[in-house]
Amino acid sequence: MNTRDSAATGKQITVKSLVPFLIMTFGITWGILALYIFLTDQMTALFGQLTGDHPLFFLAVYAPAIAAFTIILHKTGVGGLKRYLTRLLLWRCSKYWYAFLLVGLPLVFYGGAAMKGTLSSEPFPFSSFGGLVAAIALSVIKGPVEEFGWRGFAQPLLQRKFAPVWVAMIIGIVWGFWHLPAFLLSGTQQSAWSFGPFFAGTIAISLIVTQLFNASRGSILLAAFMHFQLMNPIWPDAQPYDTYILIIVAVIVIGLNRKKMFSRVSSITQVIPDSKAGDH
């Protein structure tokens, strides 16, 4: 963070801020899910069965964003939070990244479904236009919100100490581990998956989206859009072959961007951009 930014925000958001960020993130998410795991009958009687569309599940998913917003608001006030949210307005990026987001990611799922043998056997999962719109809307306001915390907050702070490739590995491991309780609860989407391939997938995705975040000068918008594309309900089920393809994509991204990913020179290191959003 430069002098101008520090003066404007009053207090610096330092690397030490990752400690309360992780405590809040894991505390909210694991707290909610642990109550359902260990006090299943009581929680179900009070709040109903926990599913992927339950308000408490949304609260658990929003934990990284809640933690980031809380710390930014505490450290910098409303003005700092407003400036942080300008990262949602950053959209400029290489045409190759847009091609990957709009064409490459769908191909990952259709290719994975072809490998799985379900490409032509599974019917389109929605029988009405209203059902399709509702499913897409839920996908937009759920998983992508995590990126306020993982990419918008944790990544810039870690990139003050480590090169992007190591930051991606750290966030990918923490991010994957953070999802673990959801695999232990029936009714969640994750309960139908195997944790091993999912965990490997979070690391691969983290490697890709870390470079996307830096290449877009710190765009939370594009990171969230990539997250949405990964959860887009219209893609066919391709587990776990989509994960295998994403791992190959991550290796390609590292290879093509090796100079930037193994150096901190062009990394985004500010949580809150100055008036010219997206600077280092």
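A pocket is an open set of grid points where a 1.4 Å probe fits, with protein on both sides within 12 Å along at least five of seven lines. In this predicted model, the largest pocket holds about 1200 Å³ of space.

Two or more lining residues come from each of α2, α4 (55-61), α6, α7 (129-140), α9, α10, α11 and α12. Helix α10 gives the most to this lining, with four residues.

The second largest pocket is lined by S94, Y96, W97, F100, V249, I252, V253, L256 and N257. Here α6 and α12 each supply at least two lining residues, and α12 contributes the most, with four residues.

**The nonpolar cores**

The largest nonpolar core has 55 residues, of which F21, Y84, F153, I208 and M226 touch the most other members. At least two residues of this core come from each of the helices α2 (18-38), α5 (63-85), α6 (95-116), α8 (147-158), α9 (164-178), α10 (195-215), α11 (220-231) and α12 (241-256). Helix α10 gives the most, with eight residues. The helix that gives the most to the lining of the largest pocket is also α10.

Leaving aside residues up to four places away in sequence, Y84 touches A68, F69, I72, F148, G149, G152, F153, I220, V271, I272 and P273. One of these contacts, F153, is listed with Y84 among the core residues that touch the most other members.

There is also a second, separate core, which has eleven residues, including I32, L33, L56 and V61.

S206 is a residue of helix α10. Is S206 buried or exposed? S206 has a relative accessible area of 0%, and because buried means under 20%, S206 counts as buried. Apart from residues up to four places away in sequence, the residues that S206 touches are R151, A168, I171, G172 and W175.

Note on methods: Residues are numbered from 1 along each chain as its sequence is written. This is a predicted model: local features need pLDDT of at least 70, side-chain atom pairs count only at pLDDT 80 or more; totals for chains, interfaces and linings use all residues. Side-chain values use heavy atoms; hydrogens and water are left out. A nonpolar core is a set of buried Ala, Val, Leu, Ile, Met, Phe, Trp, Tyr and Cys residues joined through side-chain atoms within 4.5 Å. Buried means under 20% relative accessible area, exposed over 50%, partly exposed in between (1.4 Å probe, protein chains only). Contact means heavy atoms within 4.5 Å. On a 1 Å grid over the protein atoms alone, a cavity is a set of points where a 1.4 Å probe fits but cannot get out, and a pocket is an open set with protein on both sides within 12 Å along at least five of seven lines; lining residues have an atom within 4 Å of a point. Grid points are joined across faces, edges and corners, and a volume is the space filled by probe spheres set on the points.
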